[in-house]
Amino acid sequence: MVIFSTGFNYKTAPVEIREKLAITENNYGLILEKLNSIEDIYEICVISTCNRVELYGVANDNVEKVKEEILRILSQYSAVPVNTLKDYLFFYTNKEAIRHIFRVSSSLDSMVIGEPQIVCQFKDSFTKAKEYKAVRHILTRLFDKALNVSKKIRTSTGISRRAVSISYAAVLLAKKIFGDLKDKNVLIIGAGEMAELAAKHLHSLNVKHIFVSNRTFEKAVELADKFGGSAIRFEKIQEFLPEADIIIVSTGAKEPILKKEDVKRAIKSRKDPLFIIDISVPRNVEESVNELEGVYLYNIDDLKQVVNSNLEERKIEAQRAEFIIDEEVEKFVKWLNTLKVSPIISSVRDYADKLRQQQLEKLFKQMPYLNEKERETIDLAMRSLINKLLHRPTMYIKDKAAKEGNTEVVKIFEDMFSSKWDFRKKGKNLEEIEDIVREK
């Protein structure tokens with residue numbers, strides 16, 4: 001059994017690749033079911049955000065075949081050749097996979113270290129995987145632990161100090177270009193979480209006015225009202241472009257919303273520069289817009305420079321967080337290792353329980369005068385004795401299994417209680433077993 005984490009993120013793949021792999025609400029179930037149907041995969045979960053498309057799962061030891069099947073499915077979905085995807089794919093197993101998952105849930109692997117959105121995205125991806133019955137015991141335990149680790153890091157370090165996010169980085173970039181934003185009109189296209197965060201940060205900087213446009217007009221009205229802004233119908237965006245100084249685009253559209261010709265018409269009647277930040281994945285603004293004079297276009301990858309210059313304090317706290325990650329990874333690996341001996345422990349307990357039942361049958365035949373309460377008392381006493389006898393060896397072998405490098409001790413335990421010593425399979429009754437034990 002192997003735990004794995006694999007996929008593409010802002011560190012390994014450019015936005016051009018990530019946007020083709022982005023998984024929407026409509027096709028999430030289809031992709032998950034295809035991945036879950038891979039014969040060598042036991043459990044699987046998919047997380048898709050603007051910065052990553054990653055898969056976390058449990059599989060058998062044939063990891064190369066697992067990798068090939070995942071690449072094949074993602075290639076079919078994205079229309080990106082397998083050989084191209086291979087160049088950007090990361091693939092971690094076991095301890096490194098667990099560490100990566102913990103770092104993602106704790107936002108240590110985020111473009112903006114400490115940003116809170118990833119926790120909700122992480123929870124949502126697990127909830128969806130549960131709905132499709134793609135996760136079971138091990139991933140459930142792993143995700144629960146990952147969320148606990150995330151909470152521990154946020155409460156015991158300063159990693160979340162001074163709110164920073166992709167949306168905030170976009171606002172900082174606008175401030176860097178324009179300086180004071182008090183006389184600037186802002187148009188936000190989209191009404192999701194990222195768009196709302198951008199509006200919140202811009203409102204705190206006292207921009208002149210915030211306009212919001214969204215395909216669902218009611219959502220645009222709702223978001224605009226929160227910040228004393230105005231809503232614009234989606235089909236009227238092009239008409240309003242000349243009025244906007246800053247445009248932030250954050251939607252889930254598959255095709256560009258702002259095209260070069262639209263922006264070109266808009267800037268004819270403008271004297272000041274137009275600043276556009278596209279934080280959508282896939283990108284919603286045609287790249288060629290950047291060719292226009294007086295227009296500054298930045299996409300989500302461009303924000304890395306802004307982010308990096310504002311995260312020195314969080315990087316120091318992140319070092320403390322990494323120590324917590326290391327400790328929790330070791331704890332989880334120990335738990336995984338104990339699973340290796342769980343079947344044999346269960347088998348030993350089953351064997352002991354059957355011996356108990358046989359002994360009780362023999363005893364009750366010899367003592368037919370015992371009433372029901374007396375029989376129950378004897379049964380409970382025997383159960384207690386068996387539990388006490390098995391407790392120490394059970395704890396001993398679990399402890400040995402939890403520590404790496406003790407495979408020989410575990411093997412001895414398995415051999416000691418393997419089928420060759422299982423007299424039940426040899427057709428022996430209780431009296432015959434007792435005779436054999438006495439001879440030994």
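This is a predicted model: local features need pLDDT of at least 70, side-chain atom pairs count only at pLDDT 80 or more; totals for chains, interfaces and linings use all residues.

The chain has 440 residues, and 49% of them count as buried. Its secondary structure comes to 18 helices and 10 strands. Take the contacts in the chain with a separation of 6 or more: residues 24 or more positions apart account for 73% of them.

Now the cores. The largest nonpolar core has 63 residues. Those with the most contacts inside this core are Ile3, Leu35, Ile70, Ile98, Phe102 and Phe122. Helix 14, residues 312-339, gives the most to this core, with 9 residues. There is also a second, separate core of 35 residues, and Ala170, Leu181, Val207 and Phe227 are among them.

Let me go back to Leu35 for a moment. Which residues is Leu35 in contact with, leaving aside its neighbours within four places in sequence? They are Ile41, Ile44, Val46, Leu55, Ile70 and Ile73. Ile70 is also on the list of residues with the most contacts inside the largest nonpolar core.

Next, the empty space. Rolling a probe the size of a water molecule over the atoms shows where such space is left.

The largest pocket holds about 1200 Å³ of space. It is lined by 38 residues, and the closest to its centre are Glu25, Ser48, Thr251, Gly252 and Val281. Helix 2 (25-36), strand 2 (41-48), helix 6 (117-131) and helix 9 (193-204) each supply at least two residues of the lining of this pocket. The largest share, 6 residues, comes from helix 6. By class, the lining of the largest pocket has 16 nonpolar, 15 polar and 7 charged residues.

How many cavities of 30 Å³ or more does a search of the whole structure find? The search finds 2. The largest cavity has a volume of about 160 Å³. Of the 15 residues that line the largest cavity, Cys50, Asn51, Glu115, Gln121 and Ile166 are the closest to its centre. Helix 6 comes up again here, giving the most to the lining of the largest cavity, with 3 residues. That lining divides into 7 nonpolar, 6 polar and 2 charged residues.

Now the two single residues. Tyr10 is in the loop between strand 1 (2-9) and helix 1 (15-21). Is Tyr10 buried or exposed? Tyr10 counts as buried, because its relative accessibility is 12% and the cut-off for buried is under 20%. Leaving aside its neighbours within four places in sequence, Tyr10 is in contact with Arg18, Asn51, Arg52, Asp109, Ser110, Met111 and Lys304. One of these, Asn51, was also named for the largest cavity, as one of the residues closest to its centre. Tyr10 and Ser110 are 100 residues apart in sequence, yet 8.7 Å apart in space, C-alpha to C-alpha. The side chain of Tyr10 also reaches the backbone oxygen of Asp109, at 3.1 Å.

The other residue is Ser75, in helix 3, residues 63-78. Ser75 counts as buried too, because its relative accessibility is 14%. Not counting residues up to four places away in sequence, Ser75 touches Val80, Pro81, Val82 and Leu85.

That is where I will stop.

Terms used:
Residues are numbered from 1 along each chain as its sequence is written. Side-chain values use heavy atoms; hydrogens and water are left out. Helices (H or I, at least four residues) and strands (E, at least two) are DSSP runs, numbered from the N terminus. Buried means under 20% relative accessible area, exposed over 50%, partly exposed in between (1.4 Å probe, protein chains only). Contact means heavy atoms within 4.5 Å. A polar contact is a pair of N or O atoms within 3.5 Å; within protein, one must be able to donate a hydrogen and the other to accept it, and residues adjacent in sequence count only if both atoms are side-chain atoms. On a 1 Å grid over the protein atoms alone, a cavity is a set of points where a 1.4 Å probe fits but cannot get out, and a pocket is an open set with protein on both sides within 12 Å along at least five of seven lines; lining residues have an atom within 4 Å of a point. Grid points are joined across faces, edges and corners, and a volume is the space filled by probe spheres set on the points. Ala, Val, Leu, Ile, Met, Phe, Trp, Tyr, Cys and Pro count as nonpolar, Asp, Glu, Lys and Arg as charged, and the others, Gly among them, as polar. A nonpolar core is a set of buried Ala, Val, Leu, Ile, Met, Phe, Trp, Tyr and Cys residues joined through side-chain atoms within 4.5 Å.
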